[in-house]
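Let's take a walk through a protein model together. Keep the sequence and the picture side by side as you read.

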Amino acid sequence: MAAEDEGAVLAWMDQALDVAKEALEKGEVPVGCLVVYHGEVVGRGRNEVNETKNATRHAELVAIDQVLDWCKQQNRDYTEVFANSVMYVTVEPCIMCAAALRLMKIPRVVYGCRNERFGGCGSVLSISSDDMVDSGEPFECVSGYRAKEAVEMLKAFYRQENPNAPKSKVRKKNNRN
């Protein structure tokens, strides 16, 4: 990557981190995402799972929906827009999101930290690059940009109590002597 490209990537990742901060402030897992088409942000997403009570509202899918809306408003062909876009996301896309990115034919994803539990770009499965029938095109993954900041935000989220978490149903056993 050229030096100027490096600066642009860091600038986009800074913006994705700002979106992740919004998620953290809303009590969501702090993941932020941008879809950039010819130097313009056409999709922006943060996790909305807790807020919507919908497990599919990950940052990447919210951003994809925004791109589809943008394409309708601009009378653009979404297949051309996705094929010429780069996604910047603070955390490695999970398996579900990596599959969606592949189906939308996004050619390049730049992300911060790895997702050791659910990662679809090599940490758990390699949805981004494996040979798979009828599943779209493989895409390039570039990792490590602003990873430290992304990890710190995740740690901050997991240190706090999740106000949206269901109440524990664990029963205490009676002491029988």
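What percentage of the 177 residues in the chain is buried? Buried residues make up 42% of them, where buried means under 20% relative accessible area with a 1.4 Å probe, protein chains only. Before going further, note that this is a predicted model, in which local features need pLDDT of at least 70, side-chain atom pairs count only at pLDDT 80 or more, and totals for chains, interfaces and linings use all residues. Residues are numbered from 1 along each chain as its sequence is written, and side-chain values use heavy atoms, with hydrogens and water left out.

Stop at helix 3, residues 59-74, where you will find glutamate 60. Glutamate 60 is buried yet has no salt bridge (a side-chain nitrogen of Lys or Arg within 4 Å of a carboxyl oxygen of Asp or Glu). The nearest side chain of opposite charge, arginine 57, is 9.9 Å away; here Lys and Arg count as positive and Asp and Glu as negative, while His and the chain ends are not counted. Leaving aside residues up to four places away in sequence, glutamate 60 touches Cys33, Met87, Val89, Val91, Pro93, Cys94 and Cys97, where contact means heavy atoms within 4.5 Å.

Contacts also tell us about the whole chain: among those between residues at least 6 apart in sequence, 59% join residues at least 24 apart.

Methods
Helix = DSSP H or I, 4+ residues; strand = E, 2+ residues; numbered from the N terminus. Buried < 20%, exposed > 50% of the residue type's maximum accessible area, 1.4 Å probe, protein only.
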